[in-house]
Amino acid sequence: MNYITGYYTTRFGELWDKSLFDLVEEALRGVLKQNNLESSQIDAVFFGNMLAGVLENNLHSTSKIAEILKINVPIFRSEAACASGGVAFNLAKTYLDANPNQNILVIGAEKMTDYSPEETITGLSAAASGEEQEAGLTFSGLYAMMANLYIEKYHYTEENLAYVSVKNHYHGSLNEKAHFRRKISIENVLQSPYVAYPLKVLDSSPISDGASAVVLTNNQDIAKKQKHTVTILASEVATDTISLKGRKNLEEILATKNAADKAFKKAKINREDIGVAEVHDCFSIAEILAMENLGFWKKGQGGERIKELSTMYGNNGDLIVNTSGGLKAAGHPVGATGIKQIGEIFLQLTKQAEKRQVRNVKYGLAHNVGGSGGTAVVTILGI
Amino acid sequence: MVGIVSYGFYVPKYRIKTEVIANVWGKNPEDVKKSLLIAEKTVAGIDEDSLTMAFESASSALSSVDVDRSKIKIVLFGSETHPYAVNPASTILAEFLGIEKNYLAYDTEFACKAATGALISAQGLIKSGYSDFALITGSDKGMGKTHDVLEYTAASGSVSILLGKDDLISEILDFESFSSDTPDFWRREGIRYPSHGGRFTGKPSYFYHIDGSSKSLFKKTGLSPKDFAFAVFHMPNGKFPIQVASSLGFSSAQIKDSLVVNYLGNSYTASALMGLMAVLEKAKTGDLIFLCAYGSGAGADSFVLRVTRNLEKRRKEFVKAIKDKKYINYPTYLKYMEII
C-alpha cells in the first residue's frame, strides 16, 4: 500500500517577500519536520510547477531542490498547466508502485504575483491551444464560453454560479492559510465587475503565490511510526484535446469523467462513500461542471443543486466540497493547487482540519484540472 | 526656527471626469469611482508643463511677500516630469523669477516626494547660515498610460514654498525620513509612461514607508495623532490616505480637508503639498499639522508644522481658486497630454 504521512503548506497569497524557492524550501522543511524525517531519508522528489521557466527564466528546478535538501536522489519536475501538482502526485504514486520501501516528497509551488497581470496571464495562456491564443482567448474567455453554453442550455442565471463563490469564500474564512478569508454574499458576486461575461471577478480564482508538499511512503515501518496516515486508494490521470473546438461536448470536461471513472473503479468505492472533496473551481462554472462530471450530481442539475448549499460546511450534507476554500478563496498558485487539494483531504481524513473539520469522513477525493480540461487528475484517499 | 514664509499653488483649469475615461474603456464608472474615490482630475493644457506650472506657483508664493530676491540663494525643483532629462528646470525657473545668479539650484527626483526631500535639504542649508531663504517647488504634469489605472489618477499641478527663518506663517518643528529599495513604481530613462506593481504599491510600499516615517517622527517628538489639528498624506488615490491615516490613529475629521485627490487627482510631487494648501486655508494660529509625503522607490518624509499668526496675512483662497475649471472630453485630454 502507498500512504500519505504528512502535509505542509505555506500561506497562499501575495507573498512579495518570498521567491519561488523560498516557498519551496519552507514547504519542504515544513513537511519533513512534521514527519520527523531527515532529508537523507528521502528517496525521490517530484515537483509540480508550471510558470518558472516562462515568467522568471528559472528551469532545472530539480537541481535547485537538490541544493536546498542537500541530497543526490532522483528529482523530477512535472508540468501540466494547473494540473502540474496533481500530475506530480500521480507520477510519485506510480514511482512507489515500481519501487519498494521508498519515502518520497511531492511538492507543488508557483510564484505568480511578482509579475504584471499581463505577463502572468500571457504565461498562463501558454497552456491553451495556439489557435485559441491567437484568437485572444484567455482561460477566463474559455470558461466563460462553457458557462454561457451551460446557463443557456439548462436555463440557469449568473446567480446559480454565484453560490459556488459564496460557499468557497465561507470555507476560506475558516482556513488560516487561505489567500482570501472574507465571507461574501450573492450580491457581492453579482455586483463584481465582469471579467468575461458571464464570469465576474468574484466568479474567478486569483493569481497567488504558494507551495504545498506531502510525504508519500510505501515503507511500512515508516508509515507505522507516523501519527497521521491515509491510504492512497487511487490516482488517475486522463487527457483530452487542448482546444475547446476539438471537443464533442462543451458543457462537460471529458478528462474529469474518464479519470473519475477509472479512479472509483480502482479504489473500489462508490460516489456516495466520499465525504469530502476538493474540486477544481478555477471559475465558478468549473465547480458545477466538476460535480457533474465526477458523478456526484446528474448532468444539467448542478446549477440547481449548488443553490441548496448542501456541499457547504455546517449544513450537514453528505459531501462537503472545497473545505480549503477551493481555488477561489484559498488561492490558486497553479503548481501548488493539486498538492494543496490532496493535503486538504489528508487534513480532513486525519481530523486535523480544525475549524472546518467535517465529521465522520472515511474517504475523500481531490480533482485537479489543467487548462480548460486538457488534463484531469482524480485522487481518492481513505483512512 | 526655520519654516514656511510664504506659499503658492497652481491648479490647471482643465478637468476630466472619471466617468468620461471609464466610458471610453467600457468600465463601469461607478465601480472605478468607488474603487479610487476620484470623481475628476486636473489636466494641464497643451502649452503647459511642469516648468510653466512651477513658474505660476512660485510667482504666487513670491507675490505674497516683499523679499529681496538676492537673498534667495537656494532654488530646488522637485518633479518626476522635468521638461529635460539633462538641463535643470530649477535654473530656468529662477531666471524667469528674476532671482540673482549667486544661488544654488538643482532638480530633485524621488517620485512623489522629490519636493519634500528638497525641503529637508533646504531647511538644513538655511539653518547652516548659507541662505536666508530657499524656494522649493513640486510640480508635475502627471502622465499615465492609456487604459492603465493611472489614467484615472495621474493629474497636474504645482506647489511652491518659500522657506526662511523669520516672519514665518508656519514653523517646521521637526521632520523624519524613512527609505528603502522597494521598486513599486518606476519610469526608465527614455520611457514615456511609468510602470507600477499594482497592489505591490500598497502594503509593502505606500503603507510600510508612511507608517515607518510617521511613527518614527511621533517617537522623536513625543507627539501623537490627537495632538494635531490636521493630517495630510500623499494621495495616489482617494483610499490610501484614508486608510493610512486611520491605521496611524488620525480621525476622519483630521484628514478630510486635505483630501484634494477626490476632485483634483494625484499631481505626483505636488500631491501631498496640494493637500497642505487646502489645509492652510482653514488652519488657525497654533494648530499643529502633520504632513507626510510618499515617494515610490521608496521613501516617506514626515513633518510637524505649527501655524503662526502670520498665516492670516498670507493665507490664500484654495477652494475658490480651484472652482475656476473647464471640463474636457477624452480626445481633448489626449491632445493636451500630447498622447495624440
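1. Over residues 8-219 of chain A, the chain is 45% helix and 15% strand, with the end C-alpha atoms 20 Å apart. UniProt lists this span, residues 8-219 of chain A, as "domain: Thiolase N-terminal", in an unreviewed entry. The model is a predicted one.

2. Chain B contains an open sheet of 9 strands with mixed pairing, in the order β5-β4-β6-β7-β1-β8-β13-β12-β11. At its edges are β5 (104-108) and β11 (230-233) of chain B, each of which pairs on one side only. From one strand to the next, the twist averages 20°.

3. Within this sheet, β12 (residues 288-295) and β13 (residues 297-307) of chain B are paired in the antiparallel sense over 8 bridges. Opposite Cys292(B) stands Ser302(B), a residue of β13(B). Strands of a sheet pair through backbone hydrogen bonds, either parallel or antiparallel.

4. Two helices are to be noted against the strands. Helix α3 (residues 50-63) of chain B packs on the sheet, where it touches β1 (3-10), β4 (72-78), β6 (133-141) and β7 (156-164) of chain B. The direction of α3 makes about 40° with that of β7(B).

5. Helix α11 (residues 271-280) of chain B lies across β1, β6, β7, β11 and β12 of chain B. Relative to β11(B), helix α11 runs at about 155°.

Definitions and conventions: Residues numbered from 1 in each chain as written. Chains lettered and ligands numbered in written order. Predicted model: local features only at pLDDT ≥ 70, side-chain atom pairs only at ≥ 80, totals over all residues. Pairing = 2+ DSSP bridges. Helix = DSSP H or I, 4+ residues; strand = E, 2+ residues; numbered from the N terminus. Axes fitted to C-alpha atoms, helices over the stretch in contact; angles between N-to-C directions. Contact = placed C-beta atoms within 7 Å. UniProt positions renumbered as here; feature names shortened; annotations may be inferred.
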